[in-house]
Amino acid sequence: MVSNARGASHDGEDYGFLNPNGMITGLIETPNGNPVQFTQVIVTPNLGRSAKFNGDGYIYWYDSDINGNRQFSGFEESYTIETWFRSVNTGDMTLFAAVDSGSTTHYVDITLDSDGKISWTHTPPDGDPTTLTSTNAVAGAGEIYHHLALVYDGENMTMFIDGYIITSAANVSPIGDIVEIMMGKKGPRENENYYRGYLDDFRIWTNARDWEDIRGYRNITLSGEEDSLAAYWKFDESAGDAVFDLSENENGDPNDIDGEVCLVDRSDIIANVFVGGLTDSLGRYSVKNVGYGTGTTFTVTPSKETIIG
């Protein structure tokens, strides 16, 4: 039996789940030996998973040191939320909520409605809520995965779906407070509006991501070392009661904002996001957090768009 910050292992031959920790590195050069920067590298097979919410489950963040919900810092000023979602259902459902500590006052809400439209509500502590809603339905019968990016720059809100600007709002005050977070239901103390659908590759940033970064990185996984990345959940765990945060702070230490699941399944129905990365100025790439098994062989495929295709 081994016990650490990740929990306790099982006794006997079952050693429990280990978070994917494989790494693939390499170098991309021209035939003349010159490094090629900003080359996208894709690793196959793509052994990812997603979180499947069945209308009665959720993911929560608990801090045993304070015997209460974990206090999350990341929404005080500018922030960006990115995730892939898919739901073939409609109705009032909550994908994500960030609320005031110790109350039911909501600061950030991502919800679906009976028309299959998705909304983002940002509510500063001393201000009125501002809500952005998609023009078209993105949930309901036959719907596929969509990529959602919600960008707040300290004053302006912008909603992106599948890499395109959908709607925006101006003159919105910041939250300026730490929060408690929840996925899959209305809030930590509100047992309603349960989500029925999938989430994959959920990212929270402490800056306002620009359009080029959103489009450039939405289809590939992150290393966790990216600047301003506050939390990153891939949902690739094959078993266990935790969803592991793969982000790191500026010192290279894990942020360890690990969540706990309640009645949430893992699924092989995943979004169009691939294990991969981009090369740096020296042509080097490093793909981290690769899940693998005995005898797994991976293929690395580089690609780079140019003005001639």
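A residue is called buried under 20% relative accessible area, exposed over 50%, and partly exposed in between, using a 1.4 Å probe and the protein chains only. By that rule Phe-96, at 0% relative accessibility, is buried. The model you are looking at is predicted, so local features need pLDDT of at least 70 and side-chain atom pairs count only at pLDDT 80 or more, while totals for chains, interfaces and linings use all residues. Residues are numbered from 1 along each chain as its sequence is written, and side-chain values use heavy atoms, leaving out hydrogens and water.

Let us stay with Phe-96 and look at its partner. Rings of Phe, Tyr and Trp (its six-membered ring) form a pair if their centres lie within 6.5 Å; planes under 30 degrees apart are stacked, over 60 edge-to-face, and the rest tilted. The structure holds eleven aromatic pairs. One of them joins Phe-75 and Phe-96, tilted at 45 degrees with 6.1 Å between the centres. Phe-75 sits in the loop between β7 (68–69) and β8 (79–86) and Phe-96 in strand β9, so their pairing ties together parts 21 residues apart in sequence. Strands here are DSSP runs (E, at least two residues), helices likewise (H or I, at least four), numbered from the N terminus. Phe-75 is buried too, at 0%. Ring pairs link both into a cluster whose members include Trp-61, Tyr-79 and Trp-233.

Strand β9 (residues 93–99) also holds Thr-94, which is buried with a relative accessible area of 1%.

Lys-185 leads on to another ring: its charged end sits over Tyr-58, 4.5 Å from the ring centre. A charge sits over a ring if NZ of Lys or CZ of Arg is within 6 Å of the ring centre and within 35 degrees of the ring normal.

On a 1 Å grid over the protein atoms alone, a cavity is a set of points where a 1.4 Å probe fits but cannot get out, and a pocket is an open set with protein on both sides within 12 Å along at least five of seven lines; lining residues have an atom within 4 Å of a point. The second largest pocket is lined by 15 residues, and helix α1 (residues 211–217) gives the most, with six.
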